[in-house]
Amino acid sequence: MISKASYLLFLGLTIFSIRLSACEETIDGILAREYEKHGIEPSSRCSDAVFLRRITLDLAGRIPTLEEVRDFQSNPNRIEKIEQLLKEPIFASSWSEIWSANWIGYGENNGIDRELFRSWIESSLREEVPYDKMVRQLISANGNTALDGNTVFLLRHQNEPAIQVSRTFLGIRLDCARCHDHPFDHWKKENYEQFSRFFQGMRIRQISDRATELFEEVEQAKRTPLEERPRFLTDARPRTPLWRDELSLFITNSKPFARAFANRVWYQLMGRGIFNPPDDLSRANAPISPELLEYLSERARSNRFDIKGMIREICCSDAYQRVSAIKGSTPEELNWFASRTIKPMTVEQSIDALGIAVGQAWSLQERQQFIQSVVGATGEESLSSTWDYREAVQALMLRLNTPVKSPEKNIDDLYLRILCRMPSEEERLICSNQKLDDVAFALVNSNEFYFNH
Amino acid sequence: MLHNRRQWLGSSLGGLFALATVQQRNSLLAEKTKGVAKHCIVLWMGGGPSQLDTFDLKPGSRNGGEFKSVQTASPAIRISEHLPKLAKQMDRLSVIRNLSSKEGDHDRGAYTMHTGYSPIPSFPRPAAGAVVSKYAEESDIPKFVTLGSGNGFGPAFMGPDHAPFAIQDALQAKSLLDDLRRRRQRLSLLNRLGSTFDQKYEDVMLERRRGMLSKVERIVTTRFVEALDLEKEPKDIRERYGSSNFGQNCLLARRLIESGVRFVEVNLDGWDTHANNFQSIRDLSNQLDGPWASLMEDLSASGLIDETVVVWMGEFGRTPKINATNGRDHFPDVTPVVIGGGGIAGGRVVGKTTASGDEIDGDRYKVADLFATLYQRFGVAPDAEFTTDFDSPTQATEDGKVIAELI
């Protein structure tokens with residue numbers, strides 16, 4: 001028997017908690033307000049088939065298998081699918097390639113071992129090491145560069161560590177300030193010089209034929225008086241002689257760090273940053289929605305830089321699940337994430353997706369060879385740090401020359417397997433008098449296959 | 001030189017008239033030197049070629065080494081005795097003896113001599129081939145091609161359309177293109193099946209990739225594919241270029257230029273002669289001499305030389321001092337360049353080094369000046385403004401000035 005008083009109290013609490021959750025911000029809540037303010041009509045949620053392909057490419061780095069397509073048709077639970085993919089080992093390996101490309105590109109400059117670095121990231125992701133801790137390990141890294149994966153970042157960027165560290169982890173470009181005061185921003189040449197000094201004690205020495213050692217020379221740091229020590233962009237100076245250790249803390253505790261992290265994950269998944277390019281937050285390059293950026297960076301901090309947590313939150317939003325921009329959409333709609341931006345596959349995604357599509361398991365060597373050829377043809381090392389379509393004609397020819405045989409016996413299964421959908425009547429008609437191998441070739445080289453939409 | 005001319009005008013005429021004349025002269029000069037070149041062939045000497053044993057010999061001096069110099073078709077130029085065929089072509093080529101670079105490391109030197117700038121990893125610059133490609137008119141065939149083990153310098157902010165088309169093996173490249181041609185009906189099926197998706201969604205990337213696909217479809221039927229087939233060349237001409245990789249690649253370069261390619265780089269590696277310098281350079285000179293001379297002959301015979309700049313260079317020059325292993329080490333202070341064709345004066349010597357070759361004697365040019373001279377031939381001003389991927393403006397060359405002696 002419930003007394004009237006306790007019933008009222010219960011009701012009051014319920015109303016209170018409803019109010020509380022109404023106050024709680026969400027990505028979609030913030031964007032809805034922006035849409036109202038700017039008179040934008042967001043597009044609808046995408047179909048289950050499109051969602052499955054999109055989320056599998058984003059979290060597993062490949063298209064879904066025929067079996068996964070059929071399973072999802074019978075149980076199209078999107079939240080469950082996101083959770084399941086985040087638990088799979090392939091998530092860690094796929095995102096290790098994303099972070100590798102972001103952080104060190106594709107080259108093997110300065111004698112780095114790219115695979116060592118990638119596998120260090122993979123095990124960090126598998127162990128769910130928070131992002132800020134990973135970054136601290138990169139900036140304060142010491143050790144054998146053939147064994148300790150976290151040394152690879154600084155080894156790769158030894159010629160300009162300050163520029164790369166501030167760009168990659170803070171979204172702040174000190175490039176201009178290296179030579180002159182920044183024309184539109186508040187960074188001065190002095191800021192660059194003071195910041196660069198954090199790396200003054202960093203040394204690299206040869207310890208064997210193949211290995212070098214990254215270490216910190218602290219003697220000089222010990223003798224440097226406080227006012228001559230390096231200075232972080234917030235004016236903080238290190239109190240101990242371990243300057244890189246202190247820098248790693250200054251950086252990961254700063255607000256720009258959380259913003260850069262939130263925006264980078266957002267960019268990776270949404271195809272477009274809250275600010276663009278994603279490693280340049282400046283006065284001249286303001287976020288389109290400061291409110292959304294603040295919200296996400298606060299979430300990053302309160303969740304202690306849980307990478308999967310950030311990915312989960314973005315993927316569960318309506319913003320992530322909208323249909324791609326159809327013909328006639330305005331650039332404004334894309335800028336505001338009212339439709340989904342189309343992304344080209346990364347080179348790794350494309351080879352793995354092709355493997356599923358034509359039913360072929362590549363050897364590690366074949367896969368590596370393909371990646372190197374495509375990246376090499378482009379003549380650029382930082383191929384996938386942006387979502388621009390930057391394929392050279394030679395790379396495209398290489399793809400077109402990859403032998404393709406149909407793994408299926410009929411048009412319907414072939415479409416379902418390669419494009420994760422059934423063919424239209426018109427498409428069936430076109431294909432009816434074609435060889436299945438030719439259809440398979442056409443489908444795996446189509447834009448619909450090559451882009452994540 | 002330009003400076004002297006101005007002085008002369010100033011003193012002899014004076015006043016407003018002189019000013020008018022200078023301006024008129026300058027505009028005449030500009031008119032005359034406006035880009036006329038359409039093609040460029042770079043003969044890249046990987047490792048860094050020794051100036052003292054090729055185009056700036058000092059026989060009899062303490063650094064002179066073993067080689068003699070011989071007279072060439074140009075009264076102004078003497079070159080190594082091991083380049084006898086090329087000697088007959090020197091009226092079409094000029095030797096720059098006072099070019100100085102700052103980069104004495106292989107990677108940095110190669111980057112500098114390909115882009116005109118010292119490397120800054122966070123600010124990649126386009127290779128000269130990408131710049132020439134960007135400024136040439138649209139074409140179905142690749143405009144920038146590298147032959148052999150190219151260093152693969154990228155297009156940077158010129159964009160992927162201007163990335164080098166790298167050919168390691170011409171036969172393989174040809175069979176790749178032929179395969180694509182044979183399967184062209186597959187490409188048209190791709191076109192038909194893809195159109196529904198492409199018409200439904202709005203994104204410039206979809207159009208760009210579609211454009212690339214039809215470009216591939218067009219490339220396979222161009223003269224470019226034919227040009228790759230050296231079998232099509234008469235036997236005696238093939239033999240004249242020799243059977244070495246470098247020889248065949250020089251022939252290929254000529255054929256590619258004839259088919260409309262704008263920029264071709266051909267490699268000849270092995271110039272990093274820290275030891276056994278003279279034996280190595282004797283061999284390398286033998287490899288270089290015939291093919292290069294044949295290339296000059298053929299370009300001259302067809303008249304293509306008037307619109308094709310030919311440049312011979314590598315990462316840097318080599319030390320005058322001969323080391324303990326009878327070799328020469330890296331020496332960017334004097335970086336040798338031989339250049340001609342495309343409206344660049346031949347038969348001239350630019351600058352000089354001291355009697356022992358230890359240093360440049362008098363005025364010197366920097367790498368940016370070489371790029372200014374090259375770009376200007378293609379109608380790109382030395383201070384032309386390029387826009388980087390981050391929308392910041394930058395100049396075609398780092399304050400480069402056109403080398404007046406070459407025009």
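Me: Why is Arg208(B) called partly exposed?

Reply: Its relative accessible area is 31%. Buried means under 20%, exposed means over 50%, and partly exposed is in between (1.4 Å probe, protein chains only). So Arg208(B), at 31%, counts as partly exposed. One caution: this is a predicted model, where local features need pLDDT of at least 70, side-chain atom pairs count only at pLDDT 80 or more, and totals for chains, interfaces and linings use all residues. Residues are numbered from 1 along each chain as written, chains are lettered from A and ligands numbered from 1 in written order, and side-chain values use heavy atoms, leaving out hydrogens and water.

Me: What makes Asp161(B) and Arg208(B) a salt bridge?

Reply: Their closest N and O atoms are 3.4 Å apart. The rule asks for a side-chain nitrogen of Lys or Arg within 4 Å of a carboxyl oxygen of Asp or Glu. The pair therefore qualifies. Asp161(B) is also partly exposed, at 42%.

Me: Which parts does this pair tie together?

Reply: Asp161(B) lies in the loop between β6 (144-147) and β7 (165-167) of chain B. Arg208(B) lies in helix α8 (residues 204-219) of chain B, so the pair ties together parts that are 47 residues apart in sequence. Helices (H or I, at least four residues) and strands (E, at least two) are DSSP runs, numbered from the N terminus.

Me: How do you know that Arg118(A) and Glu115(A) are separated by about one helical turn?

Reply: They are three residues apart in helix α7 (residues 114-126) of chain A. Arg118(A) is buried, at 13%. Glu115(A) is partly exposed, at 44%.

Me: What are the values for Glu226(B) and Lys232(B)?

Reply: Their side chains form a salt bridge at 3.2 Å, N to O. Glu226(B) has a relative accessible area of 33%, which makes it partly exposed. Lys232(B), at 48%, is partly exposed too. Elsewhere, salt bridges with shared partners join a network that includes Glu233(B), Arg240(B), Arg254(B) and Glu297(B).

Me: How many salt bridges does the rule give over all chains?

Reply: The count is 58. Across the interface of chain A and chain B, it finds one. There the side chains of Arg186(B) and Asp438(A) meet at 2.5 Å, N to O.

Me: What else describes that interface?

Reply: There are 15 residue pairs in polar contact between chain A and chain B, both residues at pLDDT 80 or more. A polar contact is a pair of N or O atoms within 3.5 Å; within protein, one must be able to donate a hydrogen and the other to accept it, and residues adjacent in sequence count only if both atoms are side-chain atoms. α24(A) gives the most to the side of chain A that touches chain B, with six residues. The contact (heavy atoms within 4.5 Å) takes 51 residues from chain A and 44 residues from chain B.

Me: How much area do the two chains bury?

Reply: About 4,400 Å², 61% of it on carbon and sulfur atoms. Buried area is the accessible area (1.4 Å probe) that two parts lose on being put together, summed over both.

Me: Why is Trp99(A) called buried?

Reply: Its relative accessible area is 2%. That is under 20%, so Trp99(A) is buried. Trp99(A) lies in helix α6 (residues 89-104) of chain A. Leaving out residues up to four places away in sequence, Trp99(A) touches Ile121(A), Leu125(A), Tyr131(A), Arg264(A) and Val265(A).

Me: What makes a nonpolar core?

Reply: It is a set of buried Ala, Val, Leu, Ile, Met, Phe, Trp, Tyr and Cys residues joined through side-chain atoms within 4.5 Å. The largest has 99 residues, and Trp292(B) is one of those that touch the most other members. Helix α12 (residues 277-302) of chain B gives the largest share, eight residues. Apart from this core lies another, of 92 residues, including Trp95(A) and Met270(A).

Me: Why do β2(A) and β3(A) count as paired?

Reply: Five bridges join them. Two strands pair if DSSP finds at least two bridges between them, so these two qualify. They run antiparallel. Gln206(A) has Thr212(A) as its bridge partner in β3(A).
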